[in-house]
Amino acid sequence: MADHVQSLAQLENLCKQLYETTDTATRLQAEKALVEFTNSPDCLSKCQLLLERGSSSYSQLLAATCLTKLVSRTNNPLPLEQRIDIRNYVLNYLATRPKLATFVTQALIQLYARITKLGWFDCQKDDYVFRNAITDVTRFLQDSVEYCIIGVTILSQLTNEINQASGKNLNLNDESQHGLLMQLLKLTHNCLNFDFIGTSTDESSDDLCTVQIPTSWRSAFLDSSTLQLFFDLYHSIPPSFSPLVLSCLVQIASVRRSLFNNAERAKFLSHLVDGVKRILENPQSLSDPNNYHEFCRLLARLKSNYQLGELVKVENYPEVIRLIANFTVTSLQHWEFAPNSVHYLLSLWQRLAASVPYVKATEPHMLETYTPEVTKAYITSRLESVHIILRDGLEDPLEDTGLVQQQLDQLSTIGRCEYEKTCALLVQLFDQSAQSYQELLQSASASPMDIAVQEGRLTWLVYIIGAVIGGRVSFASTDEQDAMDGELVCRVLQLMNLTDSRLAQAGNEKLELAMLSFFEQFRKIYIGDQVQKSSKLYRRLSEVLGLNDETMVLSVFIGKIITNLKYWGRCEPITSKTLQLLNDLSIGYSSVRKLVKLSAVQFMLNNHTSEHFSFLGINNQSNLTDMRCRTTFYTALGRLLMVDLGEDEDQYEQFMLPLTAAFEAVAQMFSTNSFNEQEAKRTLVGLVRDLRGIAFAFNAKTSFMMLFEWIYPSYMPILQRAIELWYHDPACTTPVLKLMAELVHNRSQRLQFDVSSPNGILLFRETSKMITMYGNRILTLGEVPKDQVYALKLKGVSICFSMLKAALSGSYVNFGVFRLYGDDALDNALQTFIKLLLSIPHSDLLDYPKLSQSYYSLLEVLTQDHMNFIASLEPHVIMYILSSISEGLTALDTMVCTGCCSCLDHIVTYLFKQLSRSTKKRTTPLNQESDRFLHIMQQHPEMIQQMLSTVLNIIIFEDCRNQWSMSRPLLGLILLNEKYFSDLRNSIVNSQPPEKQQAMHLCFENLMEGIERNLLTKNRDRFTQNLSAFRREVNDSMKNSTYGVNSNDMMS
């Protein structure tokens, strides 16, 4: 005890020396001793002694200050119980000693405030023990004035204390804190990337992104310091973190426009543009590819989320657009640096240029100054890259046709702004390269490298000329601009004449692909029914090349197509694009009639053989799948032939001679025991692809009947034999099955047989025979590996389903006669369908889109017209089909979902009719199939009940995109399951909050109001109307429910 007293006396003496002495040395010595005391283990107990027994105010101040340090300690903090004791002790101390020195009272109140603040989130037995400050203070406020002063001071100090940020500031130069910084930035980025309204689309549509920030965050975005913080961070933090900061800025720049009013948006945009300007003025960090990429994305968002009319009103717009233009030009010139980022810069300028005609602001946009600079930089940089790529063996951007096309689409709009300058530049560069190229070709000593460079430059120029001509569609064009297009077109056509004349010796594939791209753009803009034939372009073509009208220009197109097919028949990319061009030309009403009059087209119609068109030959080196382009070729030829064909069978037979010869050759091979299988396969696959093209083009009755009579009965057995021999080789079976599916497709009502003709039935017999043969044989393959199951089996099965659907729904066969006359063709086809179906797991039906579409569309026809067949199936088959419908109801593909609703409607209607008949007293009993089907359904009511539940849930709780389709089977389901529907209704009503149950009950009452117990059309239509009102009322009720999610504030 004596020690305590002695040490207390020493402490009090030290306090006196610290606060009263004038001697500096003594004060420093006292301060040092007191610091040691603060850090000593028994400091807490001695502080309490000082408060209890200390005789001077200075010792009380020391105790309060030391305790404040102790409770603020982050390493080795005081236990919760101890802090509660200190808090209670301080309050009692203040309550029992109102006459303390002011500075002591202040220090003790500071201690109380600090304990309360630091313990705000501390719990003891589920009670936030430091949050009852108001209760603590109330007793002071209910006493005398001096106590009231203490109480109010406590509240004042506590408010001030809590208001002070006690968190640690990030030290950006402290490497140990970089991990925290990284995670904070990731957190921010993830918050800004959050899909707030659940409408996230494909992430690849990056530049169309709008961030749907909730309205409750509005204040943070209205505060300019939020935006400023990220720009300041970008300039302050290490380069490795800055891409993440820019990513956050990209999202901030994309916040939905409706978050602001016009004035707020203008202010926000102004701060955003200022931040961008600051980065452009200090571009050192942009040398990092990741920073550069994110910054390009940020620039693109300036225009994707704001209008040009808003941008031009920003204070520093003239300076900023100059800096952005310079940055873009520099970026384009350094084409090898971050090539994937160029898309965003071009996207910005494309949108800016496209907005020029619509901007209403009086402020100058200055794009007429800077857009030509961007256009020039893009064009010249691409040309300059050619030599470096060839010299250093770098990857050629022209190899990536997708990327090139994307950039050209953007340039087509940019280049149309100040089009005179674009054309002048292109003419100048083209003339230089074309002249150099011509001189090199004439020179005996020209190096292949120099020729390749000029060809590369000309390739880019031809692509770009095609693009800017295609850009005409986006702008109101003038006669002068059409004349400029004429200048460009003349030059490309002159180059084409030069390159075509050399094809016998050498050709450049990339240059040819560029020519085809140019022709495609030229065709879209200047060829066809909508084009003004008085266009200045034609006048220029007439002056320079003697092409006086569209017919002469079309002859140039056809000449090029024939040349390409002659010399490039072994080059698949050129052949397929050339044939696509021919196909596009053959679609136009007026152009196809002009084409037919050309001698070159007549030559094609009379000489479509491998002798003239090498791609029609049987090339043993190429793959069977490379023959796909032949279908395109014959579709175009078929359209051209049909223009003047009429009923001229001689002309048709003349046209079909090469195909007749091919069929005879295959027939000859099949008639011998040993034949060259590869040759037979190639001949047949080429032939059926050709025929499919013709069958697709022949969409008129007269021409299609000629084709039908040519192929049936003479050549059908050959197709059947091919399926029989090569069922395991999809490269052979797929084209044959597709041809058959096309032949049975009643496109444009072309399959209209005479009343005395049995051809409809005969055609279905052949269809049934092929489906049965293929189906039975493909099932012998057994287990197929999962990664090959579609190619080897499901694709063929899918085509068979499509074929059967086309035949059943073609309205050219009366299917009732098959059973009447004992013909098993229909039964065989349907039984094969069932066998194939049962060999496919449910999951595969929905996993492969083409298979699911063909299956459900076939099932729709079967349930509509052949319900007796469905009813006659084995119980497990019926359950399989019903399960597939049940799963299809929730499919993502709306077409599949709608088809399932239709199937279910047909089945439910059939069931309801049979039940109604069975309850009536009729002399004719139900047929055996109907009776069995009813029995199966009564044995397994859960399947129909589950579908009723599914449909109702989709209508009530989901975004139902096909409400009308869903409504059709629902009435039948309800009438078949009235008790189950009643239970389901009660369950849904009871799941609502108590205050909503009456409203939901009323919704269900209104749904069935005026509905009778039948499925007549009038009754169905009334139910559909009731259902629309029901869904609307239920949605309104759910929106206002506390159980539902109210997303209204998102868009307010």
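Buried means under 20% relative accessible area and exposed means over 50%, with partly exposed in between (1.4 Å probe, protein chains only). The structure described here is a predicted model, in which local features need pLDDT of at least 70 and side-chain atom pairs count only at pLDDT 80 or more, while totals for chains, interfaces and linings use all residues. Residues are numbered from 1 along each chain as its sequence is written, and side-chain values use heavy atoms, with hydrogens and water left out.

Across the whole structure, the search finds 38 salt bridges. One of them joins Asp-136 to Arg-87, at 3.7 Å from N to O. This pair links distant parts of the chain, with Asp-136 in helix α7 (residues 133-141) and Arg-87 in helix α5 (residues 80-96), 49 residues apart. Asp-136 has 14% relative accessibility and therefore counts as buried; Arg-87, at 5%, is buried too. Another salt bridge is found between Arg-630 and Asp-690, at 2.7 Å from N to O. Here too distant parts of the chain are linked: Arg-630 belongs to helix α29 and Asp-690 to helix α32 (residues 677-697), 60 residues apart. Both Arg-630 and Asp-690 are buried. Salt bridges also build a network, which links Asp-431, Glu-487, Arg-491, Arg-540 and Glu-543.

Helix α29 (629-645) is also the place of Thr-635. At 7% relative accessibility, Thr-635 counts as buried. From C-alpha to C-alpha, Thr-635 lies 48 Å from Asn-193, and the two are 442 residues apart in sequence.

Turning to the surface, a patch of negative charge gathers Glu-647, Asp-648, Glu-649, Asp-650, Glu-653 and Glu-709. Patches are made of residues with over 30% relative accessible area and no salt bridge, with like charges joined within 9 Å and nonpolar side chains (Val, Leu, Ile, Met, Phe, Trp, Tyr) within 5 Å. Helix α30 (residues 649-655) gives the most to the negative patch, with three residues. Asp-648 comes from the loop between α29 and α30, and its 33% relative accessibility is why it counts as partly exposed.

Finally, an unreviewed UniProt entry carries the annotation "domain: Importin N-terminal" for residues 30-96; UniProt positions are given in the numbering used here, and annotations may be inferred rather than shown by experiment. In the model, this span is 79% helix and 0% strand, and its end C-alpha atoms lie 31 Å apart.

Methods. Areas by Shrake-Rupley, 256 points an atom, 1.4 Å probe, with all protein chains shown as cover. Salt bridge = Lys/Arg side-chain N within 4 Å of Asp/Glu carboxyl O. Lys, Arg positive; Asp, Glu negative; His and termini not counted. Charge placed at Lys NZ, Arg CZ, Asp CG, Glu CD. Helix = DSSP H or I, 4+ residues; strand = E, 2+ residues; numbered from the N terminus.
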